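Take a walk through this model, one contact at a time.

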Amino acid sequence: MNGIDSSDSKGDNAEEKNSEGASQRVQILQSSRNEGVGDKEDEPPGEIVIIDVNATELDLNFSRIRELTAAELEKLNCLQHLYLRWNLIKKIENLQTLVTLRELELYGNQITAIEGLESLVNLEILDLSFNRIREIVGLEKLPKLEKLFLSTNKISKIENLNHLSKLKLLELGNNKIRTIENLEGLEELESLFLGKNRITKIDNISSLKNLRQLSIQCNRITKIENLNDLFDLEELYLSENGIVVIEGLEDNLKLNTIDLAVNKIEKIGNLSHLVELTEFWINNNNISGWKSLDELTSNKKLATVYLEGNPIAKDPNYRRKIKLTVPWIKQIDATMT
């Protein structure tokens with residue numbers, strides 16, 4: 001229901017494409033069957049042997065690869081997609097000949113630094129989630145980058161991104177970030193994911209004029225503020241914070257989805273002007289009065305509302321009263337009406 005994970009929404013397209021087998025021909029030599037990515041001494045690492053130098057896609061997920069060796073990678077002339085999820089790689093290296101590469105996935109490895117990407121001038125998608133990276137560096141030579149995934153690392157500061165003028169998606173969830181900063185220059189950014197950090201204030205995002213998705217779930221935010229310049233914002237995810245009042249949305253007239261679940265809100269308010277609102281999640285708050293629902297009578301496109309976990313949900317006529325107040329509603333909590 002509530003919650004948004006950009007990595008899941010991107011999908012495991014590498015695994016799906018692997019089933020087709022048409023765009024890659026690669027042999028992975030292993031002495032034992034691959035049953036997961038452990039680092040046991042008695043299990044030898046995978047080795048890569050390139051069979052088709054004209055392959056445009058290589059899926060090497062779950063292959064126990066420990067290092068990127070130049071000898072085989074240099075054979076590839078047309079590679080555009082390289083998938084290396086859940087391996088044992090500790091360093092990004094030997095990619096300098098892969099100038100045609102458009103997508104690189106190194107999700108779930110043991111990488112500690114962003115490096116070795118200088119030659120990938122055509123790269124559009126980079127996924128370094130679930131590694132051990134502490135700093136955002138090494139992206140200076142990636143002018144075409146559109147999607148950057150850095151979730152679940154050890155990053156404490158947003159920095160060195162201003163030159164990525166074509167970036168449309170930035171995923172920094174589950175890190176150690178305390179302040180939203182240094183996002184100037186990202187004028188094309190449409191999706192920003194900052195869930196599961198240590199952020200205390202919504203700030204420094206007024207330059208993101210094209211932002212459509214903003215997720216700052218599971219942080220330490222107590223107030224909805226500084227969204228007044230985000231005129232194109234369509235989806236706002238602020239669940240699992242310390243928000244007390246619904247406010248600060250006067251200029252966000254395109255909002256269709258609002259997630260305020262698991263906060264400290266006692267009253268539904270300041271939403272009547274949001275005529276595009278279709279999804280409203282406010283479960284597990286402190287709403288106790290039925291009069292609060294009158295605010296939703298102006299939201300004629302509202303299709304889904306989550307109110308479970310609030311004091312009003314204990315009323316035996318809970319669903320009936322919601323339906324009477326908002327008769328056009330199609331879904332209450334997880335159940336269709």
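Glu276 is partly exposed, with a relative accessible area of 31%. Its partner is Lys301, and the two side chains meet in a salt bridge, 2.9 Å from N to O. Glu276 lies in the loop between strand 12 (257–259) and strand 13 (279–281), and Lys301 in the loop between strand 13 and strand 14, so the pair ties together parts that are 25 residues apart in sequence. Lys301 is partly exposed as well, at 44% relative accessibility. Keep in mind that the model is predicted.

Why can such a pair form? Side chains of opposite charge can pair when their charged atoms come close. The whole structure holds eight salt bridges.

Turn now to a second pair. Glu105 and Arg85 form a salt bridge, and their closest N and O atoms are 2.8 Å apart. This pair links distant parts of the chain. Glu105 sits in strand 5, while Arg85 sits in the loop between strand 4 and strand 5, 20 residues apart. The cut-off for buried is under 20% relative accessible area. Asp127 joins in here: salt bridges that share partners make one network of Arg85, Glu105 and Asp127.

Glu72 is buried, with a relative accessible area of 16%. Lys75 is partly exposed, at 35%.

Next, look at the surface. Which residues form a nonpolar patch there? They are Phe62, Trp86 and Phe130, with about 250 Å² of accessible area together. Trp86 lies in the loop between strand 4 (81–83) and strand 5 (103–105). Its relative accessible area is 31%, so Trp86 is partly exposed.

Move on to helix 4, residues 318–325. Which of its residues are buried? Tyr318, Ile322 and Thr325 are. They cover an arc of only 65° around the axis, which puts them on the same side of helix 4. The spacing has a simple background. An α-helix has 3.6 residues a turn, so residues three or four places apart point the same way. What do the buried residues of helix 4 pack against? They pack against strand 14 (304–306) and strand 15 (331–332). The face turned away from the buried side carries the exposed residues Arg320 and Leu324.

Asn310 is placed in the loop between strand 14 and helix 4. Asn310 counts as buried, at 3% relative accessibility. Which residues does Asn310 contact, leaving aside its neighbours within four places in sequence? They are Ile282, Asn283, Asn284, Asn285, Asn286 and Ile287. Ser288 belongs in this picture too. The C-alpha atoms of Asn310 and Ser288 are separated by 6.8 Å, though the two residues are 22 apart along the chain.

One of those contacts, Asn284, has a backbone feature of its own. Its phi is near 60°, a positive value in a residue other than glycine. Asn284 is found in the loop between strand 13 and strand 14. It is partly exposed, with a relative accessible area of 37%. Asp333 also has a positive phi, near 55°, and is likewise a residue other than glycine. Asp333 is in the loop between strand 15 and strand 16 (335–336).

What about the cysteines? Cys78 is partly exposed, with a relative accessible area of 30%. Cys218 counts as partly exposed too, at 29%. How many disulfides are there? The count comes to zero.

Finally, step back to the whole chain. Its secondary structure comes to four helices and 16 strands. Of its 337 residues, 49% count as buried. Among contacts between residues at least 6 apart in sequence, 32% join residues at least 24 apart. The accessible surface comes to about 15,300 Å², and 45% of that belongs to carbon and sulfur atoms.

Terms used:
Residues are numbered from 1 along each chain as its sequence is written. This is a predicted model: local features need pLDDT of at least 70, side-chain atom pairs count only at pLDDT 80 or more; totals for chains, interfaces and linings use all residues. Side-chain values use heavy atoms; hydrogens and water are left out. Buried means under 20% relative accessible area, exposed over 50%, partly exposed in between (1.4 Å probe, protein chains only). Helices (H or I, at least four residues) and strands (E, at least two) are DSSP runs, numbered from the N terminus. The arc is that of the directions from the helix axis to the C-beta atoms. Contact means heavy atoms within 4.5 Å. A disulfide is a pair of cysteine sulfur atoms within 2.5 Å. Patches are made of residues with over 30% relative accessible area and no salt bridge: like charges are joined within 9 Å, nonpolar side chains (Val, Leu, Ile, Met, Phe, Trp, Tyr) within 5 Å. Accessible areas come from the Shrake-Rupley method with a 1.4 Å probe; for residues, only the protein chains shown count as cover. A salt bridge is a side-chain nitrogen of Lys or Arg within 4 Å of a carboxyl oxygen of Asp or Glu.
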